[in-house]
Amino acid sequence: MAYKVLISDPLSEEGIQPLREAENLEVDVKTNLSADELADIIGDYDALLVRSQTKVTRDIISKASKLKIIGRAGVGVDNIDLSAATEYGVIVVNAPDGNTNSAAEHTIAMLMSLARKIPQAYSALKDGKWDRKTHVGVELKGKTIGVIGMGRIGQEVAYRAKGQRMKVIAYDPFLTKERADKLGIDYGSVEDVVIASDFITVHTPLIKETKHMINKEAFEKMKDGVRIVNCARGGIIDEDALYHAIQSGKVAGAALDVFEEEPATDHRLLELPQVIATPHLGASTVEAQESVAIDVSHDVVRYLTEGVVKNPVNLPSVPKDVMNKIEPYFHLSEKLGTFLTHVTEGTAEEINISYSGELTELEVAPLTRNTIKGLLKRHLGDHVNDVNASYLAEKRGIHVNENRTSSTKGFTNLLKVEVKTKHGTRTVAGTLLNGLGARIVQVDNYSVDVVPEGYLVFISHNDRPGVIGKVGNAFAENDINIASMQVGRSDVGGNAMMIISVDKQLEKEELEQLNQITEINNVVAIEL
Ligand SMILES: NC(=O)C1=CN([C@@H]2O[C@H](COP(=O)(O)OP(=O)(O)OC[C@H]3O[C@@H](n4cnc5c(N)ncnc54)[C@H](O)[C@@H]3O)[C@@H](O)[C@H]2O)C=CC1
Ligand SMILES: O=C(O)C(=O)COP(=O)(O)O
């Protein structure tokens, strides 16, 4: 059956060609949907592509029973409920690089328009007024511009501002002195930037930490006559505080491309002559739109066909070369998790995952997620995936510890998973044998050699003569073929276990028959 993709904001037609050309993909473009209309149809779709307009709320995500991926053709994902997406196992991807240049150029255009009052002069002239007195501007040369947020766009803006012969002072939690020196700019705290600047431009994401970071207190610290630019996100600047700072004369002007509530057609800031504005046009160029749509379309196709993406937002990104190295262990890690769900009694409280040998040199976080997925999937169902596995474990109060050890027990690589419940601890370890594939090599303290595949029967029993024969007879009586059998014991006459590979899943009665054997304490049928 074909995957269905919904595009709910206007995207470049050239940019979505990868979707149109992909096999097995049906693309619907339905823009300007109300929240209710989107909620009504989202259940039919496997992928949703948006810009900043569509609000992808928890309600929408909860109704999106088939949804696997949300693609944001742009940078900011504040219109998408990321926690809900993660919880429901929906991966979110964006296109972080495609609109950097356009947003930086727009910021500079706004900065110059603000300094020279171009929109106000244009508007007056269009109204038939040749007014050269009201529209006297200020120069940029020699002025200080404060850049808050020195990511992709902030850096490009700083670079261009230097081209205007401005002094640049910046703040970003990741900006180091070395980097600032290299860029030929000053750096300081938010307060340093706010105090020193004639112009302030913000380029952070809108997150808890940045919401209203430019507020009443910040305005009070600024130079009189400061000018403000926001081409990042409405809400980074407190709009009420900005309004009052302009009215009081503290702020000489503001250039705004973004607003707390969009569309912002009826906003009191727009009534102020000192405010110039555009309707969220930072990324609206032919080039940027084509680029972001191409990037996000490729990720959607890749995810639906191969399960990999380049720009994940709610999953750490794993470089391709790293992925190639860890990929062979994926199967093993999930199977170890699944094996443990069968043989563990009670609810997992702690999961300890140890990586040894060659594995210690690899980026193992994706394997940890995959192991957790294996541990949760049997009870929670197929909606458990790489996106939500860690979240679901955390939500259930399961502590997951990941560590690297030198103890390889002679294997070149060893992946050991330990699950602690109220009833005790169970351990299983596996390895990837060169040329032979995955093997389970340890269950608790017993060494075994089991292919983690197909149907297994796990028997705990007391080490007595004749048990193996009785088990063999029971299998023969029920016409069940044994492909392989592993037996281990702690000490002579003590606890022992068997792992038997069989050709089919055992029926309930067959398991009960095995349980009747006096020496047997427990029998579990495992499907891997
Ligand atoms: N107006 C428009 O159409 C467009 C707006 N944007 C917006 O521009 C903003 C920046 O985008 P990019 O540069 O691509 O993102 P980015 O992720 O490359 O840069 C954001 C920077 O903000 C920094 N940051 C985070 N918290 C901070 C804090 N508390 N104080 C100072 N800096 C902080 C980060 O360390 C990072 O370096 C985003 O909000 C994005 O949504 C992006 C493209 C177009
Ligand atoms: O990429 C971003 O963060 C933007 O703000 C661009 O938004 P848009 O795709 O033009 O609605």
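**The ligand and its surroundings**

Modeller: In this predicted model, the shell around ligand 1 takes at least three residues from each of domain 1 (3-97 + 287-306) and domain 2 (100-277).

Biologist: How many residues surround ligand 1, and which are the closest?
Modeller: Ligand 1 is surrounded by 32 residues, and the closest are Gly76, Gly149, Gly151, Ile153 and Gly282. By class, the shell is made up of 15 nonpolar, 12 polar and 5 charged residues.

Biologist: And which element gives the most to that shell?
Modeller: That is H7, which gives 3 residues; the elements giving two or more are helix H5 (100-116) and helix H7 (152-163).

Biologist: Switching topic, at what angle do H13 and H14 pack?
Modeller: Helix H13 (residues 320-343) and helix H14 (residues 365-380) pack at about 35 degrees, their axes being 7 Å apart, and H13 passes H14 in a right-handed crossing. Among the residues making the contact are Ile326, Tyr329 and Phe330 of H13, together with Pro366, Leu367 and Asn370 of H14.

Biologist: What classes do those contact residues divide into?
Modeller: The contact of H13 with H14 has 9 nonpolar, 8 polar and 4 charged residues.

Biologist: What about strands, in which sense do E13 and E15 pair, parallel or antiparallel?
Modeller: Strand E13 (residues 350-357) pairs with strand E15 (residues 413-421) in the antiparallel sense over 8 bridges, and one of the bridges has Glu350 partnered with Lys420 in E15.

Biologist: How many residues does the hairpin from E15 to E16 go through?
Modeller: The hairpin joins E15 to E16 through 2 residues, and 7 bridges link E15 with strand E16 (residues 424-433), the two running antiparallel. Lys416 has Ala429 in E16 as its bridge partner.

Notes
Residues are numbered from 1 along each chain as its sequence is written. Chains are lettered from A and ligands numbered from 1 in the order in which they are written. This is a predicted model: local features need pLDDT of at least 70, side-chain atom pairs count only at pLDDT 80 or more; totals for chains, interfaces and linings use all residues. Axes are lines fitted to C-alpha atoms, for helices over the stretch in contact, and angles run from 0 to 180 degrees between N-to-C directions. Helices (H or I, at least four residues) and strands (E, at least two) are DSSP runs, numbered from the N terminus. A crossing is left-handed if the near helix is turned anticlockwise from the far one by less than a right angle, and right-handed if clockwise. Two residues are in contact if their C-beta atoms, placed from the backbone, lie within 7 Å. Ala, Val, Leu, Ile, Met, Phe, Trp, Tyr, Cys and Pro count as nonpolar, Asp, Glu, Lys and Arg as charged, and the others, Gly among them, as polar. Two strands pair if DSSP finds at least two bridges between them. A residue is near a molecule or strand if its C-beta atom, placed from the backbone, lies within 6 Å of it. Domain bounds come from an automatic or database domain assignment.
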